[in-house]
Amino acid sequence: MARKQFKAESKRLLDLMIHSIYTHREIFLRELISNASDAMDKLYYHTLQEGNTGLSREDFGIQIAVDKQNRTLTLSDNGCGMTREDLEKDLGTIARSGSLDFKRENEQKDEIDIIGQFGVGFYSAFMVSDKVKVVSRAYGSEEAFCWESEGADGYTIDPCEKQGHGTDIILSIKENTEEDSFDEFLDPYRIRALVQKYSDYIRYPIRMEMEKTRRKENPEDEGKDPKDVKPEYETYTEVETLNSMVPIWKKNRSELKDEDYHRFYKEKFYDYEDPARVIHSSTEGAATYNALLFIPARAPFNYYTRDFEKGLQLYASGVLIMDKCPDLLPDCFSFVRGLVDSQDLSLNISREMLQHDRQLKIIESRLEKKIKSELQAMLQNDREKYEAFFKNFGLQLKYGAYGEYGARKELLQDLLLFYSSFENKPVTLAEYVGRMKEDQKHIYYACGETIERIAALPQTEQVRDKGYEILYLTDDVDEFCLSTLHEYEGKEFKSVSAGDLDLGGEEEKKELLEQQEENKDLLEAMKEALEGKVSAVKLSQRLKSHPVCLTAEGALSLEMEKVLGSMPGENPGVKAQRVLELNAGHPVFQKLKALHEGKDEQTLKSYTGLLYAQALLIEGMAVEDPVAFSNEICKLMAQ
Ligand code: ADP
């Protein structure tokens, strides 16, 4: 028959396939297998409806054959097959397939990427073949036809011979070029690996003849000492079923043991450790899906870098359609590995279309809730494990609570842990609030580099003296996180180093104000002596035994200043408003008073500088002029 031209759209896609250098061209096999599986589904369904075909489920299967000499790879199915008209309609045009509509809308985008990511069906065969032959006989028909094409030139359809119904797809695998090898698609072991990777869960057996070796039995060796026997080997072929057919996530939870899940996880997600938790759920209703999720025991080495890609594997009715679908996981749970299999999704769905897929959104929000409740259960029932989990991924939860202007506060606040001054271990906010003292109004926290350093901070003295618990924050994100949360169960978070601590009663506050007023001149003189380094010098309500500390006024704390200042790039103007606080009950303060009254401005200035330097050191900040600081101390020592 005369050569026919492809419809315009098909031609474009075909061009794309032929010239594709995409590394994911191996997906052609997945596409052809999935078409074959669909064709068998169709006929099986027909069987169920009509009941007179004499076929049962066990009769269906896919056969793969490799012919290295002739460079062909053949896939045969005994599904519904195609008539001449079907061949013309189905393989002459792909107008029905969703991927092309998508491509039209996204003309400028990188088309090659689209090929790799999504099903483009039958045409993907041209990524690896010079020529594709489709020999098909429709179920119930006596005639068979052969569709043949070498790509863009068009195709022919001619009558031919074929035993039984179904379809054989015969690919003439491309010759190797200097930069490209196609031999892998003629290697049975590679084909087997590809089937296992992409099509393991196809519900029909996929069979292939595999060459194997075995030890030859030699009757003469019988009774001999094994050391004297020279083993001989022979090769033979055996038909092997390549796919397991039943995915673990479709199995009943009661059928599975922890080790089954663990083995699957380790093989599939290349981890050498068992996961910390397995979440296996199936849901029906607004969205029907099976999900098998894992919380790894350890953060991958690149977890907190830009290289890390979040996402779950996405299957549509058992066929892998995306390896890392990011839309299924919120960022705060990006550490979760696993997969989702839904019958509500079509195989040809593209990434762009997925983002707008209603079904997928429902699944995402379900998974989010599920992951949260599993983490909560772990927190309640296995505290030790949860703490280990939090060591690995707590930072991500805190970033999650801080990000998006606190949009995920409700979701995350009860999953957070902070180190407690009471327990000397991490505690939840609920635990903190649950044991707050009756007169305590706020949730207090203190920041620093290490727990030890925070515990020694003078700013914590009075709060601790009151018998209030303090949360010790050591991660950069901690304070940002708490200031985004703002409050927990109506209790505001308050830094021990910022603003009014709201500690004492009205009486004490009044007293402090009066004292402040009495010493106004001295405090003003000290502020001037510091030449703009601080915005105020005040009497402190937080100090007990230490003479001095540094605090901040306004929204930016000293800790935040440190964090922002250490970020790459220029950070003009990110400075906290520093306040030097003095302990009016300390002998040093009496000394300052005396200097001021005696009008010894010089010494007052020098002591003020020393106290400021001490406050900086206590805070873990650098002294601006260490040499001058050291000289001042020496001067004092020599007196
Ligand atoms: P899609 O599978 O997305 O519809 P394809 O380009 O892969 O797109 O296939 C086009 C059509 O060709 C299929 O919808 C199906 O009707 C038909 N087809 C492809 N392969 C087979 C097969 N092995 N047996 C029967 N029909 C097939």
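The model is predicted.

**Exercise 1.** Determine which helices and strands supply at least two residues each to the lining of the second largest pocket, and characterise that lining.

*Solution.* 
Step 1. The pocket has a volume of about 640 Å³. Its lining comprises 25 residues, of which Tyr201, Phe264, Glu267, Lys268 and Phe269 are the closest to the centre.
Step 2. The elements that each give at least two lining residues are the helices α6 (188–198) and α7 (258–269), together with the strands β11 (312–316), β12 (319–325) and β13 (337–342).
Step 3. Helix α7 provides the largest share, six residues.
Step 4. By class, the lining holds 10 nonpolar, five polar and 10 charged residues.

**Exercise 2.** Classify the packing of α9 against α10 and state which residues make the contact.

*Solution.* 
Step 1. Helix α9 (residues 358–381) meets helix α10 (residues 383–402) at an angle of about 125 degrees, the axes being 5 Å apart.
Step 2. Angles of 65 to 115 degrees count as roughly perpendicular and those over 145 as roughly antiparallel; α9 and α10 are therefore oblique to each other.
Step 3. Leu375, Met378, Leu379 and Asn381 of α9 touch Arg383, Lys385, Tyr386 and Phe389 of α10.
Step 4. These contact residues comprise five nonpolar, one polar and two charged.

**Exercise 3.** Identify the edge strands of the six-stranded open sheet and describe the pairing of β18.

*Solution.* 
Step 1. The strand order is β15-β14-β17-β16-β19-β18, with mixed pairing.
Step 2. β15 (426–427) and β18 (487–488) are the edges, each pairing on one side only.
Step 3. β18 runs antiparallel to β19 (residues 491–495), joined by two bridges. Tyr488 has Lys491 in β19 as its bridge partner.

How values were computed
Residues numbered from 1 in each chain as written. Predicted model: local features only at pLDDT ≥ 70, side-chain atom pairs only at ≥ 80, totals over all residues. Heavy atoms only, no water. Axes fitted to C-alpha atoms, helices over the stretch in contact; angles between N-to-C directions. Helix = DSSP H or I, 4+ residues; strand = E, 2+ residues; numbered from the N terminus. Parallel < 35°, antiparallel > 145°, perpendicular 65-115°, else oblique. Contact = heavy atoms within 4.5 Å. Nonpolar A, V, L, I, M, F, W, Y, C, P; charged D, E, K, R; others polar. Pairing = 2+ DSSP bridges. 1 Å grid on protein atoms, 1.4 Å probe; cavity = no way out; pocket = protein on both sides within 12 Å on 5 of 7 lines; lining within 4 Å. Points joined across faces, edges and corners; volume = space filled by probe spheres on them.
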